[in-house]
Number of protein chains: 2
Amino acid sequence: MSGRTARRRVTMAEVARAAGVSVMTVSYAYGQPGRVSDEARAKVREAAERLGYPGPHPGARSLRSGRTGNLGVVLGEHLTYAFDDPQATRFLSGVAQVCADHGMALTLVPVTGSPSDVDRVTEAAVDAFVVWTTADDDPVIDAISATGLPAVVHGGPRRDGLSFVAADDRAAATAVGREVFAGARRPGVLSFPLDRARLSGVTSGAPLNDALPAGSGPLPPGGIDPDASTFRVTRQRLRGYRDAWAETGGDWSQVRVAVCSTNSAREAETFAAELLTGPYACDAIAAMSDELALGVLRAATRLGLTVPGGLTLSGWDDSDAAAPAGLTTVAQSLRDQGARCARTALDHLTPADRDTEVAWHLISRTSTRRA
Amino acid sequence: MSGRTARRRVTMAEVARAAGVSVMTVSYAYGQPGRVSDEARAKVREAAERLGYPGPHPGARSLRSGRTGNLGVVLGEHLTYAFDDPQATRFLSGVAQVCADHGMALTLVPVTGSPSDVDRVTEAAVDAFVVWTTADDDPVIDAISATGLPAVVHGGPRRDGLSFVAADDRAAATAVGREVFAGARRPGVLSFPLDRARLSGVTSGAPLNDALPAGSGPLPPGGIDPDASTFRVTRQRLRGYRDAWAETGGDWSQVRVAVCSTNSAREAETFAAELLTGPYACDAIAAMSDELALGVLRAATRLGLTVPGGLTLSGWDDSDAAAPAGLTTVAQSLRDQGARCARTALDHLTPADRDTEVAWHLISRTSTRRA
DNA sequence: AATCAGCTGTGTATCGATACACAGATATTC
DNA sequence: GAATATCTGTGTATCGATACACAGCTGATT
């Protein structure tokens with residue numbers, strides 16, 4: 001197929017012979033340049049150049065030395081999420097910064113949601129793993145655990161032997177929920193997926209809640225049970241919203257919940273339109289990301305609703321678009337968290353340091369400033 | 001340091017012994033499951049599970065088989081650009097899609113702009129390279145060439161033995177330049193960096209042009225010579241803009257040029273403010289990206305200039321923000337180009353198919369619709 | 001003068017798998 | 001019924017480097 005003649009790889013032994021030194025001298029010249037004299041190093045470099053030696057074979061090096069120079073990143077989502085989802089992108093920017101500082105390459109393991117994802121993980125030539133939010137029952141987590149390599153899980157799930165980095169999502173959700181639900185009568189929530197099935201649709205907080213409309217989408221009937229979500233982040237935020245609404249004397253069954261399968265404003269806009277119309281139209285919506293909240297904002301604008309007059313609204317993450325939109329939100333630096341995950345994975349921190357709760361704070365803006 | 005006892009890796013031979021089969025049977029059970037009987041495969045899986053065997057050692061596998069299951073991506077920029085620059089991100093999304101389809105991991109090689117970048121490239125355990133726009137004289141290109149692996153360069157430079165994918169940037173720049181410079185009297189250009197020095201600042205098209213202000217920033221005096229830029233994309237676009245302005249009877253020395261060191265609206269806004277004020281204030285600006293153009297737009301708004309009344313403006317790439325802003329732009333799908341690069345790299349296309357010119361088209365919007 | 005440490009160079013064993021070639025058993029063909 | 005093809009299992013050589021231990025030499029230390 002290829003027009004290129006398959007060039008045979010030049011070996012270290014050939015370079016050694018050409019340079020008139022031993023193989024080990026060549027090896028040291030590459031791996032530990034300080035270990036050899038300037039003269040020997042020069043001879044090696046010259047011979048390598050002349051023969052077209054590209055440097056030590058990475059596979060052979062890693063077989064013998066046990067190190068690869070790669071940090072593996074596993075997303076619970078399709079590989080393209082790394083570049084399509086703004087939250088993942090910010091997180092990975094932090095991971096990338098630390099990788100660059102360490103001279104480590106960043107390997108994105110190609111998960112696609114299929115069972116073979118497990119094989120992709122075990123085949124990955126890496127020194128450590130960083131895992132982006134995954135469902136409690138995702139077999140990929142067990143595969144990572146089985147490799148015995150250092151691994152840091154961001155957002156969940158928690159596992160013995162794996163480090164864990166996350167914010168107190170429940171407390172944060174309670175805080176922002178208090179703000180957005182204050183004075184509300186018909187609260188709504190725009191949620192991330194509940195579990196690996198990633199079903200989306202609109203329903204309400206409790207089963208058999210005749211007072212609320214059935215809603216659309218493939219979500220199973222019976223309402224949303226926060227405790228049943230297998231994504232830790234989703235679960236904790238739903239619990240927090242529930243707590244906040246309960247503080248006002250409300251009941252979870254009164255809360256309408258829309259579940260988006262992706263973190264996109266487009267999908268959010270569709271569901272928000274549903275939440276904002278009909279006899280049970282929400283007058284307060286807590287969204288699990290700023291992207292989702294911006295979708296709500298678009299739907300509200302189209303419906304002629306004013307924010308915060310006709311609708312209060314909150315997001316999450318304090319993305320670039322949040323401030324211009326006046327969006328109340330939970331600020332947490334995903335970039336910092338990515339950096340922290342990468343550092344923890346690469347530095348082999350002691351167990352005591354390995355589990356980290358990261359900071360968050362509420363940013364109160366006009367979108368919740370009810371008159 | 002680590003609290004974890006360094007678990008010794010279980011070897012394939014141990015699994016073979018425990019399963020009562022030969023090593024090769026185990027190897028086949030993993031690498032070519034169809035090669036062994038269901039019964040043997042079951043025995044192997046059971047033994048592997050029992051012993052905690054994580055699967056074949058990736059390094060050993062790659063040493064013997066010559067394949068790694070990794071596609072390497074090299075950015076001419078710092079590694080974090082992969083996730084910070086919107087253009088790079090879209091390109092990589094396409095690369096990632098193809099990787100996922102092939103079950104290949106995506107390895108980002110950690111370049112930081114230092115001389116050791118060359119080592120990072122030769123150390124990378126990959127089967128092929130995709131290279132994102134690099135300067136003609138970047139030593140990283142030679143290092144990639146030396147590996148003898150298939151490599152595809154996006155945007156330049158061109159090299160024997162390396163495939164090349166790019167749009168006809170000069171023609172596209174001419175087309176959009178015609179549009180934005182039509183009826184203009186004081187044209188300006190907002191450019192990407194000219195070379196690896198990445199100097200930024202404001203100057204004009206020709207040396208010793210007394211008619212124009214000296215400008216700010218560390219750019220060398222003497223004006224901008226399009227032909228001297230070592231980034232192919234920058235060079236071709238500058239030439240195209242020059243061609244377009246020449247068609248109106250204008251001279252390149254009359255064109256004011258601002259060079260941004262990064263593709264960010266923030267930096268663009270600063271330089272645009274300079275281009276848009278003073279006795280030589282531009283009334284038409286061609287920007288090399290939509291991000292830069294949006295920075296111009298912000299500066300114009302602050303200065304009370306109307307677009308297109310007081311200023312015509314063009315961008316590049318047709319990003320999401322371009323349409324809402326009414327921005328005339330050159331549309332090209334970086335995502336498709338990323339996918340094409342990855343496919344070319346992974347499929348070992350024949351030489352004839354290896355150089356690809358990608359499609360582009362002009363999208364004319366209100367930002368150039370001069371009354 | 002004797003001892004010791006540091007620097008530089010070398011040879012060999014080894015990392016953990018897969019390519020390859022071969023052999024026996026079973027199914028298929030004429 | 002003989003010849004041939006297919007399926008399954010095995011043993012050995014080998015991929016290309018680095019860890020390790022050792023040796024000679026130089027200069028410093030006492």
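Start by selecting strand E1 of chain A, residues 70-74. Both of its faces are covered: Asn70(A), Gly72(A) and Val74(A) on one side, and Leu71(A) and Val73(A) on the other, are all buried. Here a residue counts as buried if 20 or more other C-beta atoms lie within 10 Å of its own, exposed if 12 or fewer, and partly exposed in between, with C-beta atoms placed from the backbone. Helices (H or I, at least four residues) and strands (E, at least two) are DSSP runs, numbered from the N terminus.

A word on what you have open. This is a predicted model, in which local features need pLDDT of at least 70 and side-chain atom pairs count only at pLDDT 80 or more, while totals for chains, interfaces and linings use all residues. Residues are numbered from 1 along each chain as its sequence is written, and chains are lettered from A and ligands numbered from 1 in the order in which they are written.

Stay on E1(A) and bring up its partners; two strands pair if DSSP finds at least two bridges between them. Four bridges join E1(A) to E2(A), running parallel, and Gly72(A) stands opposite Thr107(A) there. Another four bridges tie E1(A) to strand E3 (residues 128-132) of chain A, also parallel; look for Val73(A) opposite Val130(A).

Now follow E2(A) across to the other chain. Three bridges join strand E2 (residues 105-108) of chain A to E2(B), and these two run antiparallel. Click Leu106(A) and you'll find Leu108(B) as its bridge partner.

Next, show the whole meeting place of the chains. 50 residues of chain B are in contact with 50 residues of chain A, contact being C-beta atoms, placed from the backbone, within 7 Å. H6(B) gives the most to the chain B side, with seven residues. By class, that side has 22 nonpolar, 23 polar and five charged residues. (Ala, Val, Leu, Ile, Met, Phe, Trp, Tyr, Cys and Pro count as nonpolar, Asp, Glu, Lys and Arg as charged, and the others, Gly among them, as polar.)

How are the two copies related? A rotation of 180 degrees with 0.0 Å of shift along its axis superposes chain B on chain A, RMSD 0.0 Å, the relation of a two-fold axis.

Zoom in on Val21(A), in the loop between helix H1 (12-19) and H2 of chain A. Val21(A) is buried, with 20 other C-beta atoms within 10 Å. Among its contacts are Ala40(A) and Val44(A). Lys43(A) is 22 residues away in sequence but 8.4 Å away in space, C-alpha to C-alpha.

Confidence is highest in E2(A), at 98, and lowest in helix H14 (residues 351-354), at a mean of 58. Over residues 1-5 of chain A the pLDDT is below 50. Where pLDDT is low, the predicted coordinates should not be read in detail.

How values were computed
Copies are superposed by least squares on the C-alpha atoms of residues with pLDDT of at least 70 in both. Two residues are in contact if their C-beta atoms, placed from the backbone, lie within 7 Å. pLDDT is the predictor's confidence in each residue, from 0 to 100. Lists of a residue's contacts leave out its neighbours within four places in sequence.
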